[in-house]
Amino acid sequence: MTTKMFGEPIARVEDDRLVRGHGAYLDDLGHDALAAAFVRSPHAHAEVLDIDVTGALEVEGLLAIYTYEDLPDRLAEPLPLLIPHPSLTHGRTQYALARDVVNHVGEPIVMVVARDRYLAEDAAERIIVSYRPLPAVVGIDAARAAEHLVHPDVPGNVAANMMQRVGDVDAALRNAPHVLELDLSIERSASTPMEGRGVLARWDPESHRLRLWTSTQTSTGVRAAVAAKLGLALVDVDVITPDVGGGFGVKIMHPWPEEVLVPWSAQLLGQPVKFVEDRREHFISSAHERAQQHHVRVGFDDEGQLLGLDVRFWHDHGAYIPYGLIVPIITSTQLVGPYKPGAYRVEFDSLYTNTVIVTPYRGAGRPQGVFVMERTMDAIAAELGLDRTVVRERNFIRPDEMPYDHGLVFQDGRPLIYDSGDYPTSLEKLKKLVGWDDFAAVRDAARAEGRRVGIGLACYVEGTGVGPYEGGHVVVEPSGKVKVATGLTSQGQGHQTVFAQIVADELGVPMADIEVVTGDTRRFGYAVGTFASRAAVMSGSAIHLAARAAREKALKVAADALEADPDDLEIVDGIVRVVGVPGAEISLGTVAVLSNPLRYAFDDAAKAATQFAVGDTGKPPVPEDEEPGIEGRDYFSPMQSTFASGMHAVVVETDPDTAEIKILRYCVVHDCGLLINPRIVEGQIHGGVAQGVGGALYERMAYDEAGQLQNASFMDFLMPYVSEVPERIEIDHLETPSPLNPLGIKGAGEAGVIPGAAAFAAAIEDAEGFPITAMPISPSELFELRRLHSKGLST
């Protein structure tokens, strides 16, 4: 019989092609295309006084130079504000090419198209732009001070102020036996995928059709945006996402200026045009995330039970805000984690600065929220002299309280209602896995040897499977092969494997007979995109429903051919057979042939479906309300998000002389509902933990006061190497099924990165004996904190 695939840790089917070098990424395409390059602002804030292109005109192979003045109609308007919100009262987005003023280093001003990239860069270097520098607003402190404004019509640099509250926080804090105040912060980081952004466009003037390849997380979003900006019908634009060398959130932003300018220039020039950013361009012209400052007031009783929580924070969204308030809204709502906070009030300002824009980066606001909540829980434990796990357990939402309504509105505009979870069990699993109860002896033994070791943990809840919808299409070919398509894109998550596992189980066909296509609008035109740990929940559920519809039709057609009841049939290894009747069977491919009444026979298989071979002459060849073929198309649109959860613990050693931080152990307990493929889930966790290590100990965007990014290269931007990532990540799973989708699953893509900064801060604090309130933390910063602590100064 066909082996059940759902839940099996099978190897990824896409890896063999990729590791052999047979992948096709954006820059592998379009070798006959013209090349685009851009003149970008060297200033963080300046007026553009003049653009002199005279010198560039001498470059042989130059085809076109475009500035803002060349942009027609809709292209001359600001790029879209993708996610409006009532609280976003002063939303500003950039122009495709700068108009009059530049607001961050790297903003595009001039587009050059030439025969190849070398010539385009040569021409760009000869273009002289005259500027009048303006004061730069860099960092949250400068934005709050508002001595200078990024946009003169935005008072105080505040794009949005938003508050949510549940209960009477002021009364709760006033009456609480204990109240603590904390100031906490996390600095900027960025996605930095191996492959940057890129786009290739071909325009066919005869058919009036545009074909676009782009390294994106939302092919359908790019399609809609480009069609709107270029005044094209949606059906006349095809967007294909080739292999993508990582996204991590930065590629969900769309359309980038290049994604509308490249196809526009291809239209004008009548030739394909391509742009692929270099690494410096990615640092200064794409997107960052993370930077926030928080002030926390928390009230609690003698047992550590939360009574009231008041959080005020400031979010740096950069020079423009095209992706709306998604990141700070997620921070404000996911901050509560697995806890009942009592009365809760959270308020934030989203601030303009003269720096690169902010869009979601893996975790998308959750690492900041978890850092704040977990540092708060540790502070309560320290204040009361309680074990850190005890304080958490006393505040957990219990399994019998699910579904649990926090009384807040989540990022999707829906109520923040946790669907399922068992946080006490997760904590018990983590304590056992890391040896929490025995660690005091380990710490004491290390100290006796002159070593400093510490342990930390962090808990989180992650909203996954965000709507509004995704779809799936499953079709059985006459060969018996199965073609599967869904509109969202893949950037290495293993979609081709897990979606095939779902179809294999539902249709009863071998994995080898299933082909999955993602991110190609020619195959599936309606989709939202890949972000927020939503692919398995959304597209997985849609594909499951589509495969079930195909199965039902296959059984109906096969039942007619086998003169049996559909309820008596099963599909095993691609064969439809009557249960208990040996030899009464028909291949799924033949069923597909029979489902499509033919007038013409193209091969021997087709002969079986021609008008003189099959059918009841008393009925129409295609029954009413039926369609030819064995296929299913369906969509999944849930009422709300599912909520995965997890807990991480880390053991670190800090060098007493150099303050270097070494990871001794890293343990994870993870709950994403039922697991489609445990191997892929663990791979996602491993990758997320690596990024969490980077975010906690290495990665930051270092701007100077003039808005110049000081580390815009991999020579200067620190990332963890394999030598810095835990050699072994110990993982245990808990599976609490979600009742919100037919597969009982939750998302897993971002889980590994979310609690990293919080867990490391707790472990370093445990090793050192003084508070850690800002991340990331470097050895030099830890060394300075030691110096301040030794002098009795505040850290």
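Predicted model: local features only at pLDDT ≥ 70, side-chain atom pairs only at ≥ 80, totals over all residues.
Local features were taken at pLDDT of at least 70 and side-chain atom pairs at pLDDT 80 or more, while totals for chains, interfaces and linings use all residues. Residues are numbered from 1 along each chain as its sequence is written, and side-chain values use heavy atoms, with hydrogens and water left out.

Helices (H or I, at least four residues) and strands (E, at least two) are DSSP runs, numbered from the N terminus. Axes are lines fitted to C-alpha atoms, for helices over the stretch in contact, and angles run from 0 to 180 degrees between N-to-C directions. Helix α5 (residues 219-230) packs on helix α6 (residues 257-269) at an angle of about 55 degrees, and their axes are 10 Å apart. This angle makes α5 oblique to α6; angles under 35 degrees count as roughly parallel, over 145 as roughly antiparallel, 65 to 115 as roughly perpendicular and the rest as oblique. The contact (heavy atoms within 4.5 Å) is made by Val222, Val226, Lys229 and Leu230 of α5 together with Glu259, Val260, Pro263, Trp264 and Gln267 of α6. Of these residues, six are nonpolar, one is polar and two are charged, where Ala, Val, Leu, Ile, Met, Phe, Trp, Tyr, Cys and Pro count as nonpolar, Asp, Glu, Lys and Arg as charged, and the others, Gly among them, as polar.

Six strands form an open sheet in the order β7-β15-β14-β13-β8-β29, with mixed pairing. Two strands pair if DSSP finds at least two bridges between them. The edge strands, β7 (158-166) and β29 (774-775), each pair on one side only. Eight antiparallel bridges link β7 to β15 (residues 343-352), and Val166 has Tyr344 of β15 as its bridge partner. Helix α8 (residues 326-334) lies across β7, β13 (292-300), β14 (306-318) and β15, and runs at about 160 degrees to β15.

A cis peptide bond, with omega about -15 degrees, joins His254 and Pro255. Pro255 is in the loop between β11 (237-240) and α6. The peptide bond from Gly467 to Pro468 is also cis, with omega near 10 degrees, and Pro468 lies in the loop between β18 (452-464) and β19 (470-476).

Asn157, a residue other than glycine, has a positive phi near 65 degrees. Asn157 is in the loop between α3 (140-145) and β7 and is buried, at 0% relative accessible area. Buried means under 20% relative accessible area, exposed over 50%, and partly exposed in between (1.4 Å probe, protein chains only). His208, not a glycine, has a positive phi of about 60 degrees. His208 sits in the loop between β9 (198-204) and β10 (209-214) and is partly exposed at 41% relative accessibility.
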